[in-house]
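Here are my notes on the model you sent. They are set out as numbered points, residues before totals.

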Amino acid sequence: MFVSFLDYSKAFDKVNYWKLFNKLLDDKIDASIVRLLSYWYSKQQACVRWHGCQSQSFTIGNGTRQGGVLSPRLFARYIRDLLSEVVSSSIGCNIGGTFVNILAYADDIILMAPS
């Protein structure tokens with residue numbers, strides 16, 4: 001069996017908010033919740049502190065918060081279409097009578113294929 005372990009360490013930083021919010025709306029998530037999330041995410045600011053110096057604040061344009069309670073679920077929704085494509089490829093392994101080709105949690109993904 002071939003196994004590939006993927007850790008998308010910067011994946012949370014690359015999420016396009018507006019694509020994510022449209023996917024949530026497509027899933028019939030209450031529009032007021034999506035509006036709240038869009039407000040929070042579009043108003044995020046950060047600054048960099050390095051060697052005792054601090055930069056001016058800047059707007060964050062992409063990404064979900066690392067360590068945020070919602071981040072794994074939001075990221076999973078963001079990549080659900082990709083995960084579905086892999087699952088439907090019919091390439092994978094039979095483990096104990098169950099067909100498996102991908103395991104994913106947040107930005108950690110395991111791909112499996114027969115040798």
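1. K28 counts as exposed because its relative accessibility is 72%, and the cut-off for that class is over 50%. The residue sits in the loop between helix 2 (17-26) and helix 3. Please look at its backbone: K28 is not a glycine, yet its phi is positive, at about 65°. Bear in mind throughout that this is a predicted model.

2. S90 can be read alongside it. Phi of S90 is near 65°, again a positive value in a residue other than glycine. Its place is in the loop between helix 5 (80-87) and strand 6 (93-95). With a relative accessible area of 60%, S90 is exposed.

3. Is Q44 buried or exposed? Its relative accessible area is 9%, so Q44 is buried, the limit for that class being under 20%. Q44 belongs to the loop between helix 3 (31-42) and strand 2 (45-46). The side chain of Q44 makes a polar contact of 2.7 Å with the side chain of Y17.

4. F58 lies in strand 5, which covers residues 58-59. Which residues does F58 touch, leaving aside those up to four places away in sequence? They are Q44, Q45, A46, C47 and V48. The C-alpha atoms of F58 and Q45 are 5.3 Å apart, although 13 residues separate the two along the chain. F58 has a relative accessible area of 37% and is therefore partly exposed; that class lies between the limits of 20% and 50%.

5. On the secondary structure, the protein chain has five helices and nine strands. Their order along the sequence is β-α-α-α-β-β-β-β-α-α-β-β-β-β.

6. On overall dimensions, the radius of gyration of the protein chain is 18 Å, whereas a compact globule of 115 residues would have one near 13 Å. The C-alpha trace spans about 55 × 40 × 20 Å along its principal axes.

7. Of the contacts between residues at least 6 apart in sequence, 52% join residues at least 24 apart.

Key. Residues numbered from 1 in each chain as written. Predicted model: local features only at pLDDT ≥ 70, side-chain atom pairs only at ≥ 80, totals over all residues. Heavy atoms only, no water. Helix = DSSP H or I, 4+ residues; strand = E, 2+ residues; numbered from the N terminus. Rg over C-alpha atoms; globule rule 2.2 N^0.38 Å. Contact = heavy atoms within 4.5 Å. Buried < 20%, exposed > 50% of the residue type's maximum accessible area, 1.4 Å probe, protein only. Polar contact = N/O pair within 3.5 Å; in protein donor to acceptor, adjacent residues only side chain to side chain.
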